[in-house]
Amino acid sequence: MRALGYQIGLIARRSLIRTARQPGTWIPPLTFPLMLMVVNSNGLRAATHLPGFPTKSFLAFFIPFSFLQGALFASGIAGTDLARDVDTGFLNRLALTPVRGAALLIGQIGGAVGLGSFQALVYLAIALLAGVHIAAGAGGALLILVLAVLVATGFGTLGLFIALKTGSGEGVQSTFPLLFFLLLISSMNLPRNLIEVGWFRVLATLNPVSYMIEAIRSLVLVGWDAQALALGFGFTLALIGISLLLAARQLRIRMART
Amino acid sequence: MGRADKQSRDAGIEVEGLVRRFKEVEAVAGIDISIPPGEIYGFLGPNGAGKSTTVHMLTTLLPPSAGRATVAGFDIVRQGPQVRATIGAALQEAALDPFLTGREHLRLGASLHGIRGERRKSLIARLLDRVGLTLAGDRKVRTYSGGMKRRLDLALALIHDPSILFLDEPTTGLDPQSRSALWEEVGRLARDEGVTVFLTTQYLEEADVLADRVGIIDHGRIVAEGTPAQLKAEIGKATVEVVPEQPGELEQLRALMRRFGEETAARPGAYAVQLNGKGDLPGVIRALDTEDVRAAEINLHQPTLDDVFLAKTGRSLEGAGE
């Protein structure tokens with residue numbers, strides 16, 4: 001177990017170094033959600049006048065979306081980096097060492113988790129500076145960070161699965177619009193009970209991303225809402241578990257060492 | 001020295017009927033190889049002949065479809081981890097991370113092999129020095145030249161002191177200077193440290209200069225095997241080609257040279273014979289002088305591994321994979 005932890009640390013360290021040394025890959029994922037936050041919190045401010053809208057601050061309502069969007073971008077980084085390892089043969093180099101598959105998978109998402117943590121801290125700091133009040137207090141703010149990092153881990157692991165399945169950076173990039181579509185058909189812009197278009201409300205209700213957003217939103221707007229948190233953490237942990245299983249299966253196929 | 005370590009040093013590579021199929025395609029079609037410890041074995045063949053597939057199977061990265069093989073005494077299917085612990089490999093295209101430095105690569109490699117602390121530090125310094133990358137060790141790999149990447153690749157393959165080294169086309173794309181530096185290092189490893197080297201190449205000169213024995217593979221089958229000298233001797237004697245100064249003297253030249261051997265292919269305006277043992281190059285020159293045939297050019301062509309490949313497959317190795 002100690003050896004596994006050591007190997008995870010080595011692979012994660014490499015992943016973090018590599019991510020940090022490619023500013024072109026992490027600056028846009030950090031800044032784009034911020035720009036969207038500024039545009040939407042001003043442009044859609046009128047939505048707060050709708051009867052039943054849970055807050056007078058659209059920024060407070062919208063901020064959870066930024067955490068999700070950042071995590072989604074982080075998944076692209078983890079996936080693209082692993083696809084490059086497959087393509088260049090670096091994965092074969094690692095396969096010739098005593099590294100365990102579990103260490104490879106868990107360590108490989110180190111960059112995505114590191115970036116996800118940094119993004120979450122930046123978004124939270126900006127929200128607080130902009131006057132957003134966290135209803136659940138300091139503990140709630142901490143839980144927001146934890147959930148944001150878990151979401152980044154989940155999407156990061158999904159990125160690894162796609163990279164191992166397709167073996168190419170293009171393959172990873174091509175799935176990005178699909179994942180972004182999941183964000184768009186969620187409750188990102190309106191609470192589900194205020195969505196009047198029937199099919200959209202149904203899709204948003206079926207979409208696990210809605211519950212991840214609503215868990216963070218509940219901590220910002222409501223306080224400690226056990227049901228929202230259980231659903232948010234539940235779907236996030238399910239995403240991590242399923243993605244990890246799929247990625248581990250694909251790794252065994254890709255790294256078919258005897 | 002532990003039992004496993006001693007076993008790995010005392011054993012080379014044994015391959016029996018190794019096969020690898022990819023759906024309908026038989027990339028490796030049942031090969032047998034026996035390489036004693038400390039030998040440099042050159043695996044020569046055109047692109048797509050099955051060289052890299054063989055290396056992937058022997059390094060445990062690809063399970064064989066049939067047949068068996070042991071590397072350093074360990075079965076490649078049943079004892080994969082033991083095989084990997086005793087081999088080093090530099091596979092086709094230097095597999096490096098452009099965003100890490102040379103030293104960081106070595107640090108990662110050493111750590112994954114369980115080498116830590118001061119031992120790791122001194123090992124990295126020694127390997128960087130050995131491959132001439134001490135000054136460039138802290139530069140990111142994306143700033144390295146092709147030759148530097150290949151040398152780092154070799155250092156990574158040596159990080160855990162392997163007894164068997166697999167080099168898959170290690171000098172492809174390198175300039176002559178880098179190529180000869182790499183040959184020197186590989187030769188030194190086999191000569192001074194007793195490392196068994198399995199080297200795939202499509203360069204005839206590389207196999208000729210470096211390998212103790214050569215196996216020639218084509219369409220997944222070994223078509224010839226032996227020392228470079230043995231293989232060339234199988235082909236026969238040297239060829240002498242003469243270009244007469246006066247093109248009108250070509251018929252006279254032909255009659256003269258037929259005394260020395262069998263006619264063989266020559267450039268336009270030239271005549272060539274494969275020497276039959278009844279004469280040699282000085283004999284040809286004396287005959288030209290006696291019969292007053294002035295030569296513009298005289299070439300002595302010793303048999304090459306390409307001639308061996310041509311004789312065994314009916315094609316020249318140059319462009320055979322196209």
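**Notebook: a look through chain B**

I started with B:Glu245, which counts as exposed because it has 10 C-beta neighbours inside 10 Å. My cut-offs, with C-beta atoms placed from the backbone: buried means 20 or more other C-beta atoms within 10 Å of a residue's own, exposed means 12 or fewer, and partly exposed is in between.

Ground rules before going on. This is a predicted model, in which local features need pLDDT of at least 70 and side-chain atom pairs count only at pLDDT 80 or more, while totals for chains, interfaces and linings use all residues. Residues are numbered from 1 along each chain as its sequence is written, and chains are lettered from A and ligands numbered from 1 in the order in which they are written.

**Entry: confidence**

I checked pLDDT, the predictor's confidence in each residue from 0 to 100. For chain B the mean is 88, and 95% of the residues reach 70 or more. The model's ipTM is 0.84 and its pTM is 0.82.

**Entry: back to B:Glu245**

I found B:Glu245 in the loop between β11 (239-244) and α10 (250-257) of chain B. Helices (H or I, at least four residues) and strands (E, at least two) are DSSP runs, numbered from the N terminus. Setting aside residues up to four places away in sequence, B:Glu245 touches B:Arg294, B:Ala295 and B:Ala296. I take a contact as two C-beta atoms, placed from the backbone, within 7 Å.

**Entry: chain B overall**

I counted twelve helices and 14 strands in chain B. Its C-alpha atoms fill a box of roughly 80 × 45 × 35 Å along the principal axes. Of its 322 residues, 45% are buried. Looking at contacts between residues at least 6 apart in sequence, I saw that 67% join residues at least 24 apart.

**Entry: a four-stranded sheet**

I traced an open sheet in chain B with the order β2-β1-β4-β5 and antiparallel pairing. The edges are β2 (25-35) and β5 (74-75), each with a single partner strand, so one side of each has no neighbour in the sheet. Two strands pair if DSSP finds at least two bridges between them. Strand β1 (residues 13-22) of chain B is joined to β2(B) by eight bridges. One pair I noted is B:Phe22 with B:Val25 in β2(B).

**Entry: where chain B meets chain A**

How many residues does each chain put into the contact? I get 22 from chain B and 20 from chain A. On the chain B side, α3 (80-86) and α4 (102-112) each supply at least two residues, and α4(B) has the largest share, with four. By class, that side has 13 nonpolar, six polar and three charged residues. Here Ala, Val, Leu, Ile, Met, Phe, Trp, Tyr, Cys and Pro count as nonpolar, Asp, Glu, Lys and Arg as charged, and the others, Gly among them, as polar.

**Entry: nonpolar cores**

A core is a set of buried Ala, Val, Leu, Ile, Met, Phe, Trp, Tyr and Cys residues joined through C-beta atoms within 7 Å. In the largest one, of 150 residues, A:Val151, B:Val71, B:Ala155, B:Val197 and B:Phe198 touch the most other members. Helix α3 (residues 58-88) of chain A gives the most to this core, 17 residues. A second, separate core has ten residues, including B:Val240, B:Val242, B:Leu253 and B:Phe260.

**Entry: helix α12**

Last, I looked at α12 (residues 305-313) of chain B, where B:Leu305, B:Asp307, B:Val308 and B:Phe309 are buried. Just after α12(B), B:Gly314 takes a positive phi of about 80°.
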